[in-house]
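Me: Please take a close look at a single part of this model, the ligand site. Walk me through it in one go.

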Amino acid sequence: MRLCLWSLVLALVSGLFGAGASAADAPPNILFIFTDDHSANAMSCYGSKINQTPNLDRIAKEGMRFNNCLVTNAICGPSRAVILTGKHSHINGFRMNVGGNFDGSQQTFPKLLQKAGYQTAIVGKWHLTSEPQGFDYYETLYDQGPYYNPPMNRNGERIKHTGYTTEIITDLSLKWLEESRDKSKPFMLMFQHKAPHREWQPGPKYYSMYNDVEIPEPENLFDDYEGRSKAAKQQDMTIEKTLTQLDLKLVPPQNLTPEQLAAWKAAYEPQNEEFRKANLKGKDLVRWKYQRYIKDYLRCVAAVDDNVGRVLDYLEKTGLAKNTVVMYSSDQGFFLGEHGWFDKRFMYEETLKMPFLVRWPGKIKPGSTCDALVSNLDFAETFLEIAGIKAPADMQGVSLLPLFGGTVPSDWRKSHYYHYYEFLGDQFTPHMVRRHYGVRTERYKLIHFYNLEEWELFDLQKDPREMKSVYDDPAYADVVKELTAEVKRLQEHYKVPDDRGSVPKDPPVLQPGFKPMPKATPKKNAA
Ligand code: SGN
Ligand code: CA
């Protein structure tokens, strides 16, 4: 068995991986860098018009950039559960954040790597409610975790930290790499940031970044949602109406130390004063909110980028880089003002697309790109194949190793299946996005909002911003027919149960700390 062989090899060459010595045939280390809500449109290697990410770009420059990595269910916990299991939400059991509790006893890729001799660790955001399993070391945030001074769960023990969370997660990861891991074994580290999730609180170093610039607005910031289903109109995630005073930094966060609060006030209060005096209305007010939102979002991204740079530097300095596969991704994309929105959930391009970069020296050509349809469903099998482990037959993705060579096999998948569930009626539904499933091909996207009985079809070649559904256009009748059959085929293939139309009658069991969402324009909260 491979495991035994390895143990032997590992015993013989004990220490070699730690030193990064010529371990050409040694199983590579895996560094999985994961962020929360990072849109590819805010990464310069994806052509961002609004920021620069030099350290993330390093991974792209030295590796492969995937242009069509599509999430299966654009929300945090579900995306993470799919990554761990290599199975769709309806199989791994974690369909929504609200009321979701990951069954940690099931098979996951970290457990399989661990069994095969890897040392496994996770630091940062977890958000799956149950205790992490399959990790030799975990130090995770509770629930969403705060941007400052996070308590963390270190192998079951509550540890209090002081400082900025993005830096703390990085410090802990570096400390584990340097001091605590077993250097005689290959490692798999999941280095997972909370940033740039809502409420987009920048670190003190970044408060003045972008102060003197105007960030370009997306051209559909003032979308009127005509030509699409009712779902696009009914959501509660607009920059205009949904952002709160806390999101907009019109009030300070609750848990800062006196020094942190003083720095926060020095940064925001003079600007807030000017804003109040200006008494903006209508579109001017939306524009101001967009600038405040996007600048804070990008400041959070800048901290991620700098901290990823610290870890890349460490890998270089120690020689580990040579035999470490580095991946970068985010649990889904995010709306950065497109359609007038923030948040995610919809199967539209901005959130469907996950950024995905892979660097593997000697195996992936530097600066290469891949347009094939890939997915977070494929990550588990990819990790396993990197480690030389055969993926279990019940995983539903495909290993991406065949793509790393630079060509796409002719039988590669031609369509991607998506299914979003988190709509539970008015009281318990953050952002009010209706349930939907759909299929995306290279050119088209068919979406079914099944509780509304409405469909949308987009021709991405002609309408890349998805502003007008052509579902009812007779010119697209054949495409509708073909994709309707395709989505049905995918549902059978992935064994999607036929319970998708039902909204549970009873309120869900809520996660600790869950607070019902304020509705659109609540008087006391919205700015
Ligand atoms: C929180 C956020 C929402 C966000 C969900 C899910 N509100 O509830 O805006 O959609 O998390 O995000 S907040 O005011 O508490 O920030 S996810 O990334 O965890 O799926
Ligand atoms: Ca997320």
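Reply: A polar contact is a pair of N or O atoms within 3.5 Å; within protein, one must be able to donate a hydrogen and the other to accept it, and residues adjacent in sequence count only if both atoms are side-chain atoms. This is a predicted model, where local features need pLDDT of at least 70, side-chain atom pairs count only at pLDDT 80 or more, and totals for chains, interfaces and linings use all residues. Residues are numbered from 1 along each chain as its sequence is written, chains are lettered from A and ligands numbered from 1 in the order in which they are written, and side-chain values use heavy atoms, without hydrogens and water.

Start with ligand 1. Arg345 puts a polar side-chain atom 2.7 Å from one of its oxygen atoms. For Asp36, the distance to a ligand 1 oxygen is 3.2 Å. For His127, it is 3.4 Å. Alone, ligand 1 exposes 460 Å² (Shrake-Rupley method, 1.4 Å probe). The protein buries 88% of that. Around ligand 1 stand 17 residues (a heavy atom within 4 Å). The closest are Cys76, Gln144, Asp343, Arg345 and His431.

Asp36 leads on to the metal. The calcium ion (ligand 2) is held by Asp36 (OD), Asp37 (OD), Asp331 (OD), Asp331 (OD) and Gln332 (OE1). The distances run from 2.1 to 2.8 Å. Donors are N, O and S atoms within 2.8 Å of the metal, or 3.2 Å for Na, K and Ca; water is not among the atoms, so sites may look incomplete. The six donor atoms make angles of 50 to 166 degrees, and the site is irregular. Six donors count as octahedral if opposite ones are over 155 degrees apart and all others between 65 and 115.

Along the sequence, the donor residues are spaced D-D-x293-D-Q. Asp36 sits in the loop between strand S1 (29–35) and helix H3 (54–61), and Asp331 in the loop between strand S8 (324–330) and helix H11 (349–352), so the pair ties together parts 295 residues apart in sequence. Helices (H or I, at least four residues) and strands (E, at least two) are DSSP runs, numbered from the N terminus.

Gln332 is also in the loop between S8 and H11. Its side chain makes a polar contact of 2.9 Å with the side chain of Asp37. Gln332 is buried (under 20% relative accessible area), at 0%. Asp36 is buried too, at 0%. Asp331 is likewise buried, at 0%.

Methods: Tetrahedral: all angles 85-135°; square planar, octahedral: opposite > 155°, others 65-115°. Buried < 20%, exposed > 50% of the residue type's maximum accessible area, 1.4 Å probe, protein only.
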